[in-house]
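Subject: Structure for your review

Hello,

Here is the structure I said I would pass on. My notes follow below it.

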Amino acid sequence: MSERKIIKSGSCLSLSQEKAVKESEENYQMIYALSDDGVLTISGNTRLCCVAADEDVSPYDEPMYDYPEDGNPEDYWSHYKSQFKDMDFHTVVIEKGVKCLGALSFKDCKNFRKIVLPEEMPVIRKTFAMGSPLEYNEKDGLLFLGPASDPLYYLMGCKDDFDKEKLIIPEGTVCIADYAFKDKKCIKEVVFPSTLDFAGWYTFDGTSIKDVFIPEGKLANDETFLAFDGWDIRLESISVPYNMYKEYKEGNDHGWVESYRLTTKIIFRNPDGSIADTLEPNP
């Protein structure tokens, strides 16, 4: 097989990232390389961003999240474009080290159909490929990023007609996108797989989930609770495994216990599943 020929390459840092490099000597890097066979490779050590599309928005204010704080999302998104919109590629390869696929980072890329992700991909914004024909894999009414043959599933949320009360995240899922189930009032219970590594910010905001069971495994860390933050969710109990109890006793829980204890019962489990300790709400 002949070697890929790079026909275009360069930095794809946003203006705000470039500004941070100049002003605070941050070592941000983000490089793209487009080959003649339609493969776009992205490497770096920070988040991949979109850029301002017109003069109505500051080029230093890239959208960090999927939902604007106020206003119409469509109007908000119209001010931004992908840096790669006018490039001819069908496959994107994200190399290890990239921290985030930011909102709209591949917006309206007309031939973008496949993405190859590294084993570690901390954050994927749900709107990162809005308007692009990226192929999704459907399973049990849920949408996954990537081909069905790839065991590395990134859950992007459910279809608009998803109406089950019990949400079962299939085994093999390693990451859930930010806001993936936002405002799905019908969801009252969630079951996590053993393979899940990360649940995005505000993933379950607006659902009707009251009681949460966090299994043993990679998901059992304080970042998990970002998934249950939001304006419209009120948990009544959280059951967590022993390693989180140990961190709490050692003072290494980074404050999540005290934050959730204001309104929520916290149940700590022993390795055998029995209750190690219970913290009642303490407003």
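The side chains of Glu-165 and Lys-188 form a salt bridge, with N and O 3.6 Å apart. A salt bridge here is a side-chain nitrogen of Lys or Arg within 4 Å of a carboxyl oxygen of Asp or Glu. Glu-165 sits in the loop between β13 (153-158) and β14 (166-168), and Lys-188 in the loop between β15 and β16; the pair links distant parts of the chain, 23 residues apart. Glu-165 is partly exposed, at a relative accessible area of 49%, and Lys-188 is also partly exposed, at 47%. The classes are buried (under 20% relative accessible area), exposed (over 50%) and partly exposed in between, computed with a 1.4 Å probe on protein chains only.

Before the rest, the conventions. This is a predicted model, in which local features need pLDDT of at least 70 and side-chain atom pairs count only at pLDDT 80 or more, while totals for chains, interfaces and linings use all residues. Residues are numbered from 1 along each chain as its sequence is written, and side-chain values use heavy atoms, with hydrogens and water left out.

Confidence

pLDDT is the predictor's confidence in each residue, from 0 to 100. The protein chain averages 88, and 95% of the residues score at least 70. Confidence is highest in β2, at 97, and lowest in helix α2 (residues 73-77), at a mean of 75.

Other salt bridges

The structure holds 6 salt bridges. One of them joins the side chains of Arg-125 and Asp-178, at 1.7 Å from N to O. Arg-125 lies in the loop between β10 (123-124) and β11 (136-139) and Asp-178 in the loop between β15 (173-176) and β16 (189-191), so this pair ties together parts that are 53 residues apart in sequence. Are Arg-125 and Asp-178 buried or exposed? Both are buried.

Another pair is Glu-280 with Lys-265, whose closest N and O atoms are 4.0 Å apart. Because Glu-280 lies in the segment after β21 (275-279) and Lys-265 in strand β20 (residues 265-269), the pair ties together parts that are 15 residues apart in sequence. Glu-280 counts as partly exposed at 44% relative accessibility, as does Lys-265 at 29%.

Strands and sheet

The protein chain has 4 helices and 21 strands. These are DSSP runs numbered from the N terminus: helices are H or I with at least four residues, strands E with at least two. An open sheet of 5 strands has the order β1-β2-β3-β7-β9, with mixed pairing. Its edge strands, β1 (6-11) and β9 (114-116), each pair on one side only. Two strands pair if DSSP finds at least two bridges between them. Within this sheet, β2 (residues 30-35) and β3 (residues 39-44) run antiparallel and are joined by 5 bridges. Ile-31 has Ser-43 in β3 as its bridge partner.

Overall shape

A compact globule of 283 residues would have a radius of gyration near 19 Å, and the protein chain agrees with this at 20 Å. The radius is taken over C-alpha atoms, and the globule rule is 2.2 Å times the number of residues to the power 0.38. The C-alpha trace spans about 60 × 45 × 35 Å along its principal axes. Of the 283 residues, 45% count as buried. Among contacts (heavy atoms within 4.5 Å) between residues at least 6 apart in sequence, 49% join residues at least 24 apart.

Regards
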